[in-house]
Amino acid sequence: MPNFCAAPNCTRKSTQSDLAFFRFPRDPERCRIWVENCRRADLEAKTADQLNKHYRLCAKHFDPAMVCKTSPYRTVLKDTAIPTIFDLTSHLKNPHTRHRKRIKELTEEDLKKIKERRLASSIEQLNCKKDAAAEDSTSTNDDEPQLSTEERAFREYLRSLFEVLVMLGKQSIPFMAEKTFEVERMSNNFQALLDYRMNAGDEALKKRFEATAVNTEYCSATQQSQLLDICENTVREEILMEVRESRFFSLVTGDLVEFAGEKHLPLFLRFVNQQNTLREEFVDFLLFDGDETALVERLEAQLTDRWGLSMEDCRGQAHKATGTTTTKMKAVAVLLMEKYPLALHMSCSHMALNIHLANNLPFPNVQVVMETLRRIGAFFRTPLTQDELETAISAHYQKNEEKGSVLKQACGPGWTEQHNVFDVLLDMLPPLLLCMDNIRENADGKFAEATTADAYSIAETLADFEVIVTVVILKNVLIFTRAFGRNLQGETLDVFFAANSLTAVLHSLNEVNDNIDVYHEFWYEEAVNVANVMEIPVTIPRLFLRKQRAADVGEIQAEAYFKEYVTVPVIHGVMQEVEDMFSESNLKALKCLSLVPAVMGQMKFNTTEENYADVYRNDLPSPDTLAAELHCWRIKWKHRGKEVRLPTTIHETLQLPDVKFFPNVNSFLKVLSTLPVLKLEENKSETASERLQAYLDRTSTKLWNKSLAMLNINTHVKHDLDVMVDKYCRLYPEDDPDPEAEEEVMK
């Protein structure tokens with residue numbers, strides 16, 4: 001249950017702030033002074049015990065010198081602390097408003113007593129500050145003199161262990177090394193680095209292990225697991241502290257990752273930090289087990305119970321799912337929106353809209369194409385295979401060198417993730433098949449067996465006429481959403497105009513649907529022409545023919561089959577996905593981007609954000625003054641000086657020094673920034689999802705470790721070794737085990 005501040009005109013509560021809240025003191029005299037300073041007449045009749053049990057004051061009402069942070073997790077008041085900082089006048093601006101915490105009117109005698117008491121309190125607090133400064137100059141840590149020699153040595157030993165673990169994570173060194181031979185002894189990188197540090201003169205480790213046998217593990221598997229958990233949780237807590245400070249966030253999930261035979265869902269949080277910078281950080285792997293309801297419950301428990309966040313503050317969600325996972329994640333998104341309507345389900349800025357739409361189509365033939373695209377992208381990551389592809393393009397387009405040159409440029413790194421991927425893929429099909437055939441033959445023996453096996457598998461898929469038809473249909477249907485999707489990944493102005501162009505996109509798709517016979521005839525002819533070039537026969541899928549014969553149904557023509565089972569389902573599926581992804585609520589949110597001055601300028605400052613702002617009314621500090629504030633905001637930019645440039649993005653706008661004078665606009669922009677569809681601005685380094693993929697790519701699957709992945713992805717986050725040591729000492733008090741008795745080796 002949240003704590004509410006008892007001070008007048010203070011609306012802070014513990015669920016919305018990381019501020020400490022303090023009980024009223026049990027001592028009657030001190031409690032009486034607290035009540036007098038609060039000026040709460042309704043509290044004067046209550047006893048000190050009642051006040052101590054039911055009332056709190058937040059840390060904002062105390063001089064900072066009176067508040068002591070004894071550890072990262074505990075904040076206390078000094079014994080002599082008296083609350084002296086109160087807002088006793090803001091209620092006068094609206095005298096008709098009823099106030100539950102009514103302020104007592106003071107007599108002249110009351111004022112005289114309070115002045116005398118505050119003078120005495122000020123002198124006392126000044127003396128406390130001097131004493132604290134003197135203590136700081138003689139000792140950097142008040143707790144250190146209380147530690148015994150053994151305790152101090154143990155903490156230094158733990159610090160060395162954590163330092164090694166953090167280094168393993170930052171450098172992407174796996175915990176266990178892959179054994180070259182079965183008899184190889186030194187297989188634990190952690191153990192090897194501890195040896196190295198001792199040889200380099202680490203006294204804390206040398207004292208701890210000087211009597212340990214050479215072939216003995218320094219830390220048991222249990223202790224290693226404990227150390228890793230604390231490293232992971234400490235780094236995560238640094239991120240979560242920033243999320244709690246910002247309050248609003250969006251949830252983004254990635255492709256499944258498998259650890260120890262169990263599938264996990266990567267979780268990312270997107271938020272605007274205290275410097276008004278948009279951040280997206282990786283926070284955990286969630287076990288992907290059970291049905292959609294179980295997954296939603298597990299996700300809520302993780303965010304709220306374990307991390308102290310509120311799903312009521314979630315303003316968006318995006319799920320980068322592939323294959324069969326897409327259906328389950330769509331159901332998760334629907335369940336979350338039913339419970340939390342403001343957690344808008346949107347496409348993610350990391351993924352091209354056309355890729356997202358195709359991934360979400362639950363048709364086997366489409367999923368085969370998407371899986372083949374992912375395999376092709378991975379296959380051509382090496383220079384050797386990429387060179388072979390370019391050679392095949394040159395051979396196929398030798399009579400059209402200009403197109404061959406264009407294709408070589410188009411098939412660079414990441415081409416399978418672009419908006420125009422299906423256009424490029426269709427032109428690439430003949431040279432792709434030629435390339436795969438050449439690699440399969442491996443005439444000069446330069447490709448490994450695994451590579452030739454992959455080439456054979458991909459070639460068999462590409463040589464299927466159903467796959468060719470599906471690629472042609474996807475290319476021709478998704479051409480209507482290509483420009484729309486590209487704008488969604490553009491600047492703020494592009495996103496705003498994309499939101500306003502959705503009607504035109506849906507109109508085009510409906511026009512295709514209404515004239516499906518005509519469109520399908522052209523598309524089918526295109527597919528047949530491509531198949532003829534690739535020397536692939538026009539056939540109906542064997543499985544369908546077998547079922548048809550078993551049912552004793554007359555034969556169906558190929559063109560009619562592909563219209564009924566490919567073209568119509570794809571056009572209907574894309575239309576439904578677009579309508580679901582860009583619902584009325586989503587469009588309202590995106591149209592509020594007209595708050596950005598450059599968008600206002602394009603609209604000749606004739607914008608009406610207040611018409612769409614109702615959905616976020618409760619997120620604003622003063623919603624009743626929003627209309628007047630928006631008017632002032634427009635006037636400010638409309639009548640700016642000629643030399644003043646209009647900010648073009650949300651990030652630029654939030655960095656303006658005077659945006660703080662428009663509190664509703666400031667809050668509004670922060671909420672909009674968290675929407676997953678908007679790209680991460682001013683981000684010169686890799687995104688968290690890219691860092692995760694880099695860790696997975698360069699680490700052997702057998703050596704993936706959740707805790708080390710957390711450290712590696714978040715190397716930019718503060719790794720506080722002292723906090724790790726404190727947490728370990730608190731959670732696992734040392735019983736000084738005999739190191740030689742530790743025989744268990746971490747698997």
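## A walk through a predicted model

Let's start at the surface: Pro-64 has a relative accessible area of 65%, so this proline is exposed. Here, buried means under 20% relative accessible area, exposed means over 50%, and partly exposed is in between, using a 1.4 Å probe and protein chains only. Pro-64 sits in the loop that joins strand S2 (56-58) to strand S3 (67-71). Helices (H or I, at least four residues) and strands (E, at least two) are DSSP runs, numbered from the N terminus. Leu-77 is 13 residues away from Pro-64 along the chain, and their C-alpha atoms are separated by 9.7 Å.

Some ground rules before moving on. This is a predicted model, where local features need pLDDT of at least 70 and side-chain atom pairs count only at pLDDT 80 or more, while totals for chains, interfaces and linings use all residues. Residues are numbered from 1 along each chain as its sequence is written, and side-chain values use heavy atoms, with hydrogens and water left out.

Now for a buried residue. Thr-653 belongs to helix H25 (residues 650-654), and with 0% relative accessibility it counts as buried. Leaving aside residues up to four places away in sequence, Thr-653 touches Val-596, Pro-597, Trp-633, Pro-647, Val-659 and Leu-669; contact means heavy atoms within 4.5 Å. Thr-653 and Pro-597 are 56 residues apart in sequence, yet their C-alpha atoms are 7.6 Å apart in space.

Next, the nonpolar cores. A core is a set of buried Ala, Val, Leu, Ile, Met, Phe, Trp, Tyr and Cys residues joined through side-chain atoms within 4.5 Å. The largest one has 119 residues, and those touching the most other members are Phe-422, Met-428, Leu-432, Val-570, Val-574, Phe-582 and Leu-672. Among the contacts of Leu-432 are Ile-376, Phe-380 and Leu-462. Apart from this core lies another one of 74 residues, including Val-257 and Phe-268.

Where does helix H14 (residues 421-441) kink? The kink, of about 55°, is at Leu-429, shortly before the proline Pro-430. The bend at a residue is the angle between axes fitted to the seven residues ending there and the seven starting there. After H14 comes Asn-442, which has a positive phi, near 50°.

On to the rings. Rings of Phe, Tyr and Trp (its six-membered ring) pair if their centres lie within 6.5 Å; planes under 30 degrees apart count as stacked, over 60 as edge-to-face and the rest as tilted. By this rule there are 22 aromatic pairs. Here are two of them:

| Pair | Centre to centre | Angle between planes | Type |
|---|---|---|---|
| Phe-154 and Tyr-157 | 5.8 Å | 40° | tilted |
| Tyr-728 and Tyr-732 | 5.1 Å | 55° | tilted |

Phe-154 and Tyr-157 are both in helix H4 (residues 149-170), three residues apart, or about one turn of the helix, and both are buried. In the other pair, Tyr-728 is buried at 5% relative accessibility, whereas Tyr-732 is partly exposed at 27%. Ring pairs also link Phe-259, Phe-268, Phe-282, Phe-285 and Trp-704 into a cluster.
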